[in-house]
Amino acid sequence: MLAAFVIAPLRRPPREVAEGEEDAAIADLEARKEALYRQIRDAELDHQQGKLSDADWQSVDGDLRRQAIEVLKRLDAARRAHQA
Amino acid sequence: MVELGAACLIAAPFACLYAVGAALVGARRGDRRLVVSSRRAVYALCALLTVAVVVLEAAFVRSDFSVALVADHSSTTTPLGYRLTAMWSSQGGSLLLWAWVLSLATSAVLYLTRNRHRELVPYATAVLAGLGLFFTVLMLTAGGANPFARLDAVPAEGVGLNPLLRHPAMAIHPPMLYSGYVFWSIPFAFAVGALITRRLDSSWIRTTRRFALIAWILLGIGILLGSRWSYSELGWGGYWGWDPVENASLMPWLVGTAFLHSIMVQERRGMLRVWNVSLIVATFTLALLGTFLVRSGILESIHAFGASTVGTPLLGLIAVVVIGSAALIVSRVDALRSERRIESLVSRESVFLINNLLLVGLAAVIFWGTFFPLISEALTGEKSSLGSPWFDRYIAPLAIVLVLFTGIGPLLAWRRVSAGALWRLVRWPLVAAVAATAAVAMLTDAVDEPLALCLFAFAFFALAALAAEFWRGASAQRALTGGGPFGALGRLVGRNRRRYGGYIVHTGLALLFIAVAASSSFQTSRDLRLRPGQSAEVGDYTVKYLEPTQSIDPKEQRLSFGAVVDVTRDGKRYALLHPSRNYYSTSSSDATIAGFFEGEATSEVGRKTEASGDVWMAMRPDLTSLDGVIAAVDRRLERALPRVGPQGPTPEQVDAMRDYTAQQGQAIRNLAALYVTNPLPIDLRVNVNPLVIWIWIGGAIAVAGGLIAVWPAPEARRRRVSDVYAARLARDLGRA
């Protein structure tokens, strides 16, 4: 029974398993996006607590936002490709 | 039933082998079906080993002495709780535990990443399944390592559990330690996968960070429980003796701590990538080394399980891990190097780099001291060991600086902090630390121990800095959302679990360091020899031996000789303590009375605990004058013991055996009564340990902080936060 469970995927056509590829790319981008949001929030907290000057915070925040926007664009593209 | 467990163990390596092969072939050919099949093989391995563990535990519960492991580590009189945990007091059982936890952790991470890291996961699967293959094959091939080995002649009664292990902490300590070791294999395997596939960004770290934190927490709990057990059960009165096996658990914990901090730098700044892969390889290698030291018997230790057959194979595995990982890192070093540099010394990145150096330095010192007997033997032919004074001399300065940075790190921001902001951040913690240190210096004799005073100062700074962090954060939260201070604090921690969970860990560790410094530098210890009625001074206390006590526990086969000790301070009673020494019989029916005193004995310490410190004592009665009496009783019993032939006892011999057992019991009762009516001198060790309870409290706070940091935020809250930032970025997205 365990052996049947283990080798069951080998019986599927390759196309069916490959359909998860897009899901994997989207999941990876989602994780990257959440990580960037967390960093933006942390920088905001540091600024509110006076650890980062206005200039430093704007620099850090800007850099993180640029990275986040890049990830969002790639996410949109990945989702469109997945739906297509 | 036992055959089912044995069959599952035999099938396990085949599941591992298939998982390794299918993962690697699937990765090389790009065939997802093989990769999915390899993941299922890991699930199957987990199912097989779960059945094996359940079957073995059932054998312990049923006292099935046909299983050698059960006969050697349990008995019908062992309480059920200890029967369930006896599995990991043995070689085979602990290897099975290792393999089972590995299969659970591997199944979990492969399930969580089933739709992610398509290139990297097959190689991580191969590494983890390869480790599973090693441990399952080891159990089946190494002598004495098979947990399902059967006995040809089934004894009527088992040997029982080592008396030293009949303690709740000892029931939990091994699985915590082993689980800690095993969970480090997850980030290690993903690091190897990242190196092979050259996917050297932070994605593998994001995926495995929680497993690394779980490993750190479990290993930390295991270390704390071991220290607590040592303090409570062993008669020397300490919680840490720089024993090789103690050190073997501390080294991966230290390097793992460095890893957990250092990966934050890679996640945020893309730096320290060489450091991070090296740290996780070192952590996992040290975890394997810990397993090796416990099980090989190569170094003398209270944990010595004796020389075993698994030492050499484990050493071989360690060599493969080290050489293979080093080759991979060297071949990828150009891709690992970051173009970014640390912009400012006054930044969190630079503090974490210093942190790495301190923690790895501490681990290196401990490594040298632990393995010095082998190093000296290899170089000079003589085994010399380094004791606690050596470790204390070299560890203390590094630990003191580390404590300082547990306070500095949280104060700083990423990239840089301006000089003005830095002064604003440190001034009040600095003032608080100076004031607290001055108070301690004036009110105690801490100035006599400058290193301890220095540690106190740095720890006070760290605590004040952390308090300031919570204050600032809660104030900012209140400004945003209103509400009371405690509500704001709760929301702050709930919404920033990684950050503030980490700060809680730092708080716990600062308290722990203070307690370690106080209890070791300012301990008062005296070894006394007292008869009933005699007293002695120990520091500010007077201890008086009032009277002896005795008790017999037939179920535990235990004879206890104890003492009632009156402890007074300034003429008033402080505590009435009851230390005792427990002696255990072998469970065979022809055991001698002398046998009670020749096997393992345990101490029940007498202790009064307060926030300011413990008065701790352990006693050992001087039984030398009873030797003649015991020998005479054993001679008499020997004459009464019926000699049973190979065909079994006759009815008369069965009656004679019953009489013999009754005489044996009466002899023990007479001996116990003699101890009380003719009191003997006792050797009493009395320690006054300042602040020692804060070790356990600080440790518990650190564990709680770790749990907060690892706990995922509720899905709804994550989505809300994500939506907020998505909305904010949408404006920028529209402009971009």
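**Exercise 1.** Locate Leu680(B) in its chain and decide whether Leu680(B) is buried, partly exposed or exposed.

*Solution.* Leu680(B) lies in the loop that joins helix 22 (651-677) to strand 10 (682-690) of chain B, where helices (H or I, at least four residues) and strands (E, at least two) are DSSP runs numbered from the N terminus. The model is predicted, so that local features need pLDDT of at least 70 and side-chain atom pairs count only at pLDDT 80 or more, while totals for chains, interfaces and linings use all residues. Residues are numbered from 1 along each chain as its sequence is written, and chains are lettered from A and ligands numbered from 1 in the order in which they are written. Next, count neighbours: a residue is buried with 20 or more other C-beta atoms, placed from the backbone, within 10 Å of its own, exposed with 12 or fewer, and partly exposed in between. Because Leu680(B) has 16 such atoms within 10 Å, Leu680(B) is partly exposed.

**Exercise 2.** Determine how helix 17 and helix 19 of chain B are oriented to each other.

*Solution.* Helix 17 (residues 450-481) and helix 19 (residues 497-521) of chain B pack at about 160 degrees, with their axes 9 Å apart; axes are lines fitted to C-alpha atoms over the stretch in contact, and angles run from 0 to 180 degrees between N-to-C directions. Angles under 35 degrees count as roughly parallel, over 145 as roughly antiparallel, 65 to 115 as roughly perpendicular and the rest as oblique. Helix 17 and helix 19 of chain B are therefore roughly antiparallel.

**Exercise 3.** State how many residues join chain A to chain B.

*Solution.* Taking contact to mean C-beta atoms, placed from the backbone, within 7 Å, 37 residues of chain A touch 38 residues of chain B. On the chain A side, helix 3 of chain A gives the largest share, 16 residues.

Note on methods:
Two residues are in contact if their C-beta atoms, placed from the backbone, lie within 7 Å.
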